[in-house]
Amino acid sequence: MATNNQDEFKLKDTNPKLGERWPHGGLRGGGGWISSERAASTYDLVEQMYYLYVRVVKAKDLPTNPVTGNCDPYIEAKLGNFKGKTQHFEKKMNPEWNQVFAFSKEKIQSSVLEVFVRDREMVGRDDYLGKVVFDMNEVPTRVPPDSPLAPQWYKLEDRRGESKLKGEIMLAVWMGTQADEAFPEAWHSDAASVQGEGVFSVRSKVYVSPKLWYLRVNVIEAQDVESQDKSQLPQVFVKAQVGNQILKTKTSPTRTTSPLWNEDLLFVAAEPFEDQLILTVENKVSGSKDEIVGRVILPLTTFERRLDHRTVHARWFNLERFGFGMLEGDRRHELKFSTRIHLRACLEGAYHVLDESTMYISDTRPTSRQLWKSPVGILELGILSAQGLSPMKTKEGRKTTDAYCVAKYGQKWVRTRTILENFNPKWNEQYTWEVYDPCTVITLGVFDNCHLGGEGSGKDSRIGKVRIRLSTLETDRIYTHAYPLIVLQPSGLKKMGELQIAFRFTCLSLANVIYLYGQPLLPKMHYQHPFTVSQLDSLRYQAMNIVAVRLGRAEPPLRREVVEYMLDVDSHMWSMRRSKANFFRIVSLFSGLISMSKWLSDVSHWKNPVTSILVHFLFFILICYPELILPTIFLYMFLIGIWNFRFRPRHPPHMDTKLSWAEAVHPDELDEEFDTFPTSKAQDVTKMRYDRLRSVAGRIQTVVGDMATQGERFQSLLSWRDPRATCLFIFLCLITAIALYVTPFRIVSLIAGLYLLRHPRFRSKMPTVPSNFFRRLPARADSML
């Protein structure tokens, strides 16, 4: 279970050496490492890493094999214990590779770089065609934004380097950093053991979510609907399908050839529109049997796109008939009448298609780019490293982890390169996003690449997640923190390591940011013509599914399990732990009111006479000068805010194990949380959990019922449900109104205040008359079964 050491789950300050230096120790810009000043470099939020880059362009005039008369050449770049190979070309004397190798300077143990040209042999050892040798001390350094180093032709040498051989290769060799343009696509010595297709899955990549639209199909009516049984009128419904999404209208209440529905069906569609809208009109023959009356297939590009809620023109579509035999295929053209369906369909461009929970939303822009406003800021993120990662799989009998990090904000996903077999990987990659709303969240996840061999599950395992809300960040401040990677497993709470990141939110327009705080979070169409809660849940699930499928088709794929974890696909599932956590969140909200009421109770009961006398003194001043009441309240809130500035949070919030109720969770509740849906447990376990759920739900139901009862009692004061009580109340209101008209407000306030603050000697332990009267009022609970 969870450890008792709370420091393990806390956010830690770090002091990495961010920024760039000139090569060979010279300070860039005269300021050394970046501290608080903004640098001109695009890589000022990561630690500088040096790489030896070798660009192999092409070769010419290579010698042929004297036996076969051909040459199957490939290049091997060797630096110490690391070897990188290009692909081989069959029977080609002048091959072109245009490939880059990157060797990490930290692991360089040789003073010489050797580039070999070899002839691939099917049997036996590959033939040696020649080599080029570079002294590491003579390799030039390239500093972006300088132009790339021009490749040159080099003559091949023999094994000893004493004489020149036939053939030349074109190369460029230079020392650079991860800021180099060649870095993302290069072969890395960190992943030297990866071969074939696996090379693509270890590189860093940027992905873009597909552009999502809501498709609204208003099914109005149909005409000339005929059933196969001519003696009966049809009773039909419409089934609509877009991809894997299937929705149905209600069955027409009466049997008729011209049914009317006027129902809205909502789908999620992604550009480019590969799916089509398939509409099928079906006749309900019996309880379990439906027959197809007609069908029409419509490309999504035929529907207009609207940017507001203006009315879309309805159109009639002829249905393709069903029920003809193979030999009667030509007879369908002889029919005089055709079944028609009346539709009003459009692609909604003024809504934001939700593919993530609104609690952790990272993008609030509508679908249509025409409705986008200018960005208000820039978010820069440096993914530095991870420390102390847990072993995630077994490779050749030893525990290991091949870690990579994914960050998602808005429509842009980024994935770092995979660092092989390292529990303390260093990525040092930097990414940038435009910010359109500061009240949004960036999500980072660390995963183990399970597609590079080893005894894994076949899915990329979750190592941990970090969320950062941009509105909690100070402008232009560089944050450098190590976030704990905490996951909840069936065995309990576990820390999987730490993720070290650096980030900065830069504000482009403070006025626009302040203006946004008064605007609704989502586009106005969500409020003017909202969807129901069940529609939103269904549409969000479909949108997440589409995003996962599309990103899974990229090269390399961003796999479904990664996308679902980043988008919190299971956040709506029942969990006893989450229910407890949310209950105690509500309790903590009321703790301030409860403490305030306790303080007032202590004052009115004279627990501390000095405090009670001071409150009486303040009360008399406010009664004498009632115009000071509101200014005093606001001044008091201002002073509280100024006082709390000293105790403001210095760090952005992170995963809180205590708030999540993850430390004290019962093992059986954890087992229930990780159970499948529907359950895979034995009947007796399911029965026990069902009974427990009923008891918890019963308590919730009682609390909700009590709250409803109090509200209904307020309503019944003037509703005459209890004629005597309403009569008493309205006469009391009349008497009170007259008394307030003739009595100065100060006197009324003074009497009421002195009554509330009276000494305990003048108090009774019995409930007050208004409380007794209110409790006797009727509620609608009497009418419940």
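Start by colouring the chain by pLDDT, the predictor's confidence in each residue, from 0 to 100. The chain averages a pLDDT of 84, and 92% of the residues score at least 70. This is a predicted model, in which local features need pLDDT of at least 70 and side-chain atom pairs count only at pLDDT 80 or more, while totals for chains, interfaces and linings use all residues. Residues are numbered from 1 along each chain as its sequence is written, and side-chain values use heavy atoms, with hydrogens and water left out.

Select residues 324-330, where pLDDT stays under 50. The model has 2 contacts (heavy atoms within 4.5 Å) beyond four places in sequence for residues 324-330. Now select residues 332-336: pLDDT stays under 50 here too, and the model has 5 contacts beyond four places in sequence. Where pLDDT is low, the predicted coordinates should not be read in detail.

**Stop two: an open sheet**

Next, show strands S14, S13, S16, S17 and S20, which form an open sheet of 5 strands in that order, with antiparallel pairing. Strand S14 (245-248) and strand S20 (320-321) stand at the edges with a single partner strand each, so one side of each has no neighbour in the sheet. Strands here are DSSP runs of E with at least two residues, helices are runs of H or I with at least four, and both are numbered from the N terminus. Two strands pair if DSSP finds at least two bridges between them.

Zoom in on strand S16 (residues 276-284) and strand S17 (residues 290-299), an antiparallel pair with 9 bridges. Which residue in S17 is the bridge partner of isoleucine 278? Pick isoleucine 297 and you have found that partner.

**Stop three: salt bridges**

The whole structure holds 37 salt bridges, each one a side-chain nitrogen of Lys or Arg within 4 Å of a carboxyl oxygen of Asp or Glu. Select arginine 504 and aspartate 44, whose closest N and O atoms are 2.8 Å apart in a salt bridge. Arginine 504 sits in strand S31 (residues 492-507) and aspartate 44 in the loop between strand S1 (12-13) and strand S2 (50-60), so the pair ties together parts 460 residues apart in sequence. Are these two residues buried or exposed? Arginine 504 is buried at 2% relative accessibility, and aspartate 44 is buried at 1%. (Buried means under 20% relative accessible area, exposed over 50%, and partly exposed in between, with a 1.4 Å probe and protein chains only.)

Move on to aspartate 402 and lysine 395, which meet in a salt bridge (3.0 Å, N to O). Both aspartate 402 and lysine 395 are buried.

Then select glutamate 429 and arginine 417, a salt bridge of 2.8 Å, N to O. Both glutamate 429 and arginine 417 are buried.

**Last stop: a buried glutamate**

Finish with glutamate 168 in strand S9 (residues 164-177). Glutamate 168 is buried, with a relative accessible area of 17%. Leaving aside residues up to four places away in sequence, show what glutamate 168 touches: Lys58, Ala59, Lys60, Trp153, Tyr154, Lys155 and Leu156.
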